[in-house]
Amino acid sequence: MGLSLNIDMASAAFIEPLPVVEFVAQLLGKDVLSRPLSDSDYVKIKKALRGVKVEVTHRGNVRRKYHVSGLTSQPTRELVLPVDDNSTMKSVIEYFQEICSFTIQHTHLPCLKVGNQRKPNYLPMETVQHNAYDQDPFAKEFGIKISEKLASVEVRILPAPWLKYHETGKEKDCLPQVGQWNMMNKRFLVRPIPFLACVADILATCLYVIYKMINGMTVIRWTCINFSRSVQESVARGFCNELAQMCQVSGMEFNPEPVIPIYSARPEQVEKTLKHVYHASMNKTKHVYHASMNKTKGKELELLLAILPDNNGSLYGDLKRICETDLGLISQCCLTKHVFKISKQYLANVSLKINVKMGGRNTVLLDALSFRIPLVSDIPTIIFGADVTHPENGEDSSPSIAAVVASQDWPEVTKYAGLVCAQSHRQELIQDLYKTWQDPARGTVSGGMIRDLLVSFRKATGQKPLRIIFYRDGVSEGQFYQVLLYELDAIRKACASLEPNYQPPVTFIVVQKRHHTRLFANNHRERSSIDKSGNILPGTVVDSKICHPTEFDFYLCSHAGIQGTSRPAHYHVLWDENNFTADGIQSLTNNLCYTYARRMLGLCCFSCILCTFGCIPCTVLYGTWDAREWVNMWWYGSHKRYKGSRRIRGAAIASLEGECEESNVLLLEWRGC
């Protein structure tokens, strides 16, 4: 295809070059030349034309161009304007007749406001038309031709991976269809005979689980706090009962009764309430265990359910901050609208989140269990995901939050542990990947996020990683090699600090989501070529024409669209010592997108499955969510700043022997917050 130039830096449809009056008629779908405009018509036109570039047609060969800033609130026939320094007023109709020798025909239409907002110019709609970009004289001068057709590229559709569920479920294996699958299945009778109609109605609403979590966890000690004034205690109790049943049928061992009754509280008393419920639960379990002559002095609360108002302000951030940093308590928040609705699909999704937070697995790749993933299953491999989240615009003092997650099981590559740290304001390089400091007793001490996660992997699996795959999100092209040199060097130093000559091969991949490339099916009318939303099929890969001619990059859309146009993730393999083939890294990345723990669908990218909602491998997504979760706690909670580090509950990293206490790194096990 040769050199391509991205002229329009934002994805938007080009408006057909035609008179504005015709455009308005098409927009409203009615004759606007004889009928007056309603208020809703006015709003619709104003929204459609704001910022649009137009050119005048009433001045012969003089074709001046303007940007539309708005519409006049009055029709053209009522508009007057000053024409000289003496404030002589003249109507717009008279002005155009005398100065421009142009007679305005449609005086009932408003005028376009163009130019400066403080001193706008008025242009009647019939005197302007949309700009024709293919006729632009400057483009012609430089020999630039703008085609009306999209560039055509060849694509491949990668197959979805088989997923493994528990052996006791109705179905043991699952093959996602068009990027998604479902643990629930509807059961109904077709064309029921009259006397069985009531039975059919019952079966039509009956949902049953056909897949069970492959590693369901146990929850014995849990309780619920209701922060919503509109939710009555009986409604909250019914919701908790339904959720407990869903967790049980999904494969978890879940106690149907809370350790203490459901507690109602006001949102402004969140800290006091959380601590009261936590200690009340501790005392309750202590009393129960003593009464049963058990030597255990009492056990901690395992799970806290929280019912929040739909508009809860800083309540969510406050609750998460207190639970994670003060109490070391796993929490699951539910909005009021879901509590009233009690959707089976929603309960199933919440049960998935709870199981992962408790340390379980919902599903694993079937190829992983059978050691069939190339360059992952042959030797112990750790997969990292990293991202940095920056403060919002206008905030000039708050730190950026860096998060790194890493797989903690092999060969399943499903569980992840995460580390979060604060660093310099708007610093993109992750500063705490590896660091050293002086200790009076131990001398030079090594630490950092990479080193701690490597140690955690070895403790969890009993093996040291012999291969590293590092997905990095949020890096612009101008920062590629600065990030690569700094962070690859940190990975090298972290490995060398653990063992002399320990240098496992590294593959470093940058994932970009904020780009302006969109892919569309050529045969859009064929249902087999698109998903339900009309987007390209999940697994679509492009690695030619629109990619770099010499570097290793590709576009992958691994998710099914829900609304709008799907955005493929752009992957750049900056460093590859594992000698991945293009097919190998593309297939691995696509498969990892299906290990998402919180919902049953393939996601958009593997490194920051986030933001957004589906096209990144889960490692990066978890890193992004870790970072954003802590941004919410720091900036949108009670605005407290935490100095030093604080240990968080986490099975995979609970035995790191305090090595990171000196590194100002916040530790947590990723549980799908």
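Here's a quick tour of a few spots in this structure. Keep in mind that you're looking at a predicted model. The protein chain has a mean pLDDT of 80, and 79% of its residues get to 70 or more.

**Helix 1 meets helix 2**
- Find helix 1 at residues 20–28 and helix 2 at residues 39–49: their axes come within 11 Å and cross at roughly 120 degrees.
- On the helix 1 side, the residues that touch are Val 20, Phe 23, Val 24, Leu 27 and Leu 28, and they meet Asp 41, Lys 44, Ile 45, Ala 48 and Leu 49 of helix 2.
- Sort the residues of this contact by type and you get 8 nonpolar, 2 charged and no polar.

**A look at Glu 242**
- You'll find Glu 242 in helix 6, which covers residues 233–249.
- Its relative accessible area is 26%, so Glu 242 counts as partly exposed.
- Pro 256 sits 14 residues away from Glu 242 in sequence, and their C-alpha atoms are 9.2 Å apart in space.
- Setting aside neighbours within four places in sequence, Glu 242 is in contact with Ile 342, Lys 344 and Leu 347.

Note on methods: Residues are numbered from 1 along each chain as its sequence is written. This is a predicted model: local features need pLDDT of at least 70, side-chain atom pairs count only at pLDDT 80 or more; totals for chains, interfaces and linings use all residues. Side-chain values use heavy atoms; hydrogens and water are left out. pLDDT is the predictor's confidence in each residue, from 0 to 100. Axes are lines fitted to C-alpha atoms, for helices over the stretch in contact, and angles run from 0 to 180 degrees between N-to-C directions. Helices (H or I, at least four residues) and strands (E, at least two) are DSSP runs, numbered from the N terminus. Contact means heavy atoms within 4.5 Å. Ala, Val, Leu, Ile, Met, Phe, Trp, Tyr, Cys and Pro count as nonpolar, Asp, Glu, Lys and Arg as charged, and the others, Gly among them, as polar. Buried means under 20% relative accessible area, exposed over 50%, partly exposed in between (1.4 Å probe, protein chains only).
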